[in-house]
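Hello,

Here is the structure we talked about handing over. Please open it first and then read the notes below it.

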Amino acid sequence: MAIYLHETATIDGGGKEGYLEALRTGWVPYAEQTRGMRLVWMGSTIGSTANWPETMALWELRDWEHFADVCGRMYSDHADETPLTAWWRDSFRFRKRAISQVLVGAAFSPTLDGLLASGVAGTAYGFTRYGVVPGKTAAFLGALERRAALDVEHARRLVGAYEVAFTNDAAYAVWVHSDLVAAGEYQRALPGDAEICEWERSVRGVLTGTREIWGFATPHCPLWPAGYRTDTKIW
Amino acid sequence: MGIYLHELVNVVPTRAEDYLDSMAEHHGTQRRARGEAGDSMLGLWTVLEATGTWPLAVNLWQNQSWDRQAQMLQSQFEPRAQNPELKKWWLNNLDLRTGGFDRIVDSTAYSLDVAGLRAEGVAGALFLHQIVRVGAGQVADFLDAFGNEGVPAIEAAGAQLVGAYRVCMYDHEAIVILAFREPRDLARFQAGWHGTAPGNGLRRWRDREDTWVRGKETLLLKPRWFLSSPWHS
């Protein structure tokens, strides 16, 4: 059962480009080398759908033991880990605060290796939070697996489906579209898809609310399209 | 049962531990002057950047009774009872924190006080802190069930109960804090919580708590000071 850390950082002014670059060149390789954390996704929230300016990152951990080890070694202000201390303090040139959640991968949720092996990639992503009636999480995740199969027909693929840990009222999913035009096309097509409308009716007694925000991947993150080369930064 | 002050404090990035040390020094020094230092601080923690809002610190002070709690508030607000040292500390440490949100809480009968926790040797490298939202008017029912059914399952799965508290002046919130001696104890606990093995008591409690719980705000904490500090001895 893979565990995921999902962090949303509030950026100070125009610091998004600097923070994403600091992550890419600093914390991402360091976290992978020293803690075995694997970056799944990194990028910017799309302000027209979410708070701004913000960045998000999604990390994959092997299991709860790995999670607990990462927590035990998580940075505190006076930690004796010089490279991390320097990066940590410098990062506050760009970011102000963060909000994080721990996600538990559903049985049908692909791991990073699975995503890469099946060629899942894109620039535009949907991050969906589902409010769930307490006690109905397993039932909802079963429904979400069926929804993922319906969404494939609209070229929207599942990056991950998760139970939100440490609460009993939420599930989460990440979806990928090839680009923003495709993301818009998916939204345009939704009301006319009878099967999806039926699916939405089927989960009415299970969900308390759904909210999706969009994110744009930063070039060089693992799910960025392999053939799309650019040196342009996301600002 | 006893009255505690629970604080969520918005600390300045990279200054959380400086804030907690400054707070502990001021609090312990003031209490020591009145002969009250020993059992007045339950825990001061930093929040890990894993769940919830960050940067954040959590303070839990044991004030024992409403009389003592009122005295503490008088020392800040009552014109004839203000403590000039508190004012000086408060205004001199604005570079360490920007604000916060506090709750006055009342401990359950099955929650140990500071002296009791110390006597039992409760300690942790990591702590699980949950603000539990229940249906209006259901706090007592939830906390009773938690004590009778939840705590035995939780402690069998590797956690230690620090305390379970009713949030005063609210009808829908409780606070639960658990300690894990080592990170691997948290791993075992979480694996059990999400496990499906038959006979898993933790899993049974997880299903049972859905009767009352409507959601939880969870923080994972690292202790800066727990049950004692250099200024609270």
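**Strands in chain B**

In chain B, strand E2 (residues 41-47) and strand E4 (residues 57-64) run antiparallel and are joined by five bridges. One pair to look at is Met41(B), which stands opposite Trp61(B) in E4(B). Please keep in mind that this is a predicted model.

E4(B) also pairs with strand E1 (residues 3-11) of chain B: seven bridges join E1(B) to E4(B), and these two strands run antiparallel. Here His6(B) stands opposite Leu60(B) in E4(B).

How many of the eight residues of E4(B) are buried? Six of them are, so the strand is largely enclosed by the rest of the structure.

As background, side chains in a regular strand alternate between the two faces of the sheet.

**Two helices in chain A**

The other finding concerns helix H5 (residues 137-152) and helix H7 (residues 194-202), both of chain A. Two packed helices are described by the angle and the distance between their axes. For H5(A) and H7(A), the axes come within 10 Å and cross at roughly 170°. An angle over 145 degrees counts as roughly antiparallel, and H5(A) and H7(A) are therefore roughly antiparallel to each other. Their crossing is left-handed.

Which residues of H5(A) meet H7(A)? They are Ala143(A), Arg146(A), Arg147(A) and Leu150(A). On the H7(A) side, the residues they meet are Glu195(A), Ile196(A), Trp199(A) and Ser202(A). By class, this contact has four nonpolar residues, three charged and one polar.

Regards

Note on methods
Residues numbered from 1 in each chain as written. Chains lettered and ligands numbered in written order. Predicted model: local features only at pLDDT ≥ 70, side-chain atom pairs only at ≥ 80, totals over all residues. Axes fitted to C-alpha atoms, helices over the stretch in contact; angles between N-to-C directions. Helix = DSSP H or I, 4+ residues; strand = E, 2+ residues; numbered from the N terminus. Parallel < 35°, antiparallel > 145°, perpendicular 65-115°, else oblique. Left-handed = near helix turned anticlockwise from the far one by under 90°. Contact = placed C-beta atoms within 7 Å. Nonpolar A, V, L, I, M, F, W, Y, C, P; charged D, E, K, R; others polar. Buried ≥ 20, exposed ≤ 12 C-beta atoms within 10 Å, placed from the backbone. Pairing = 2+ DSSP bridges.
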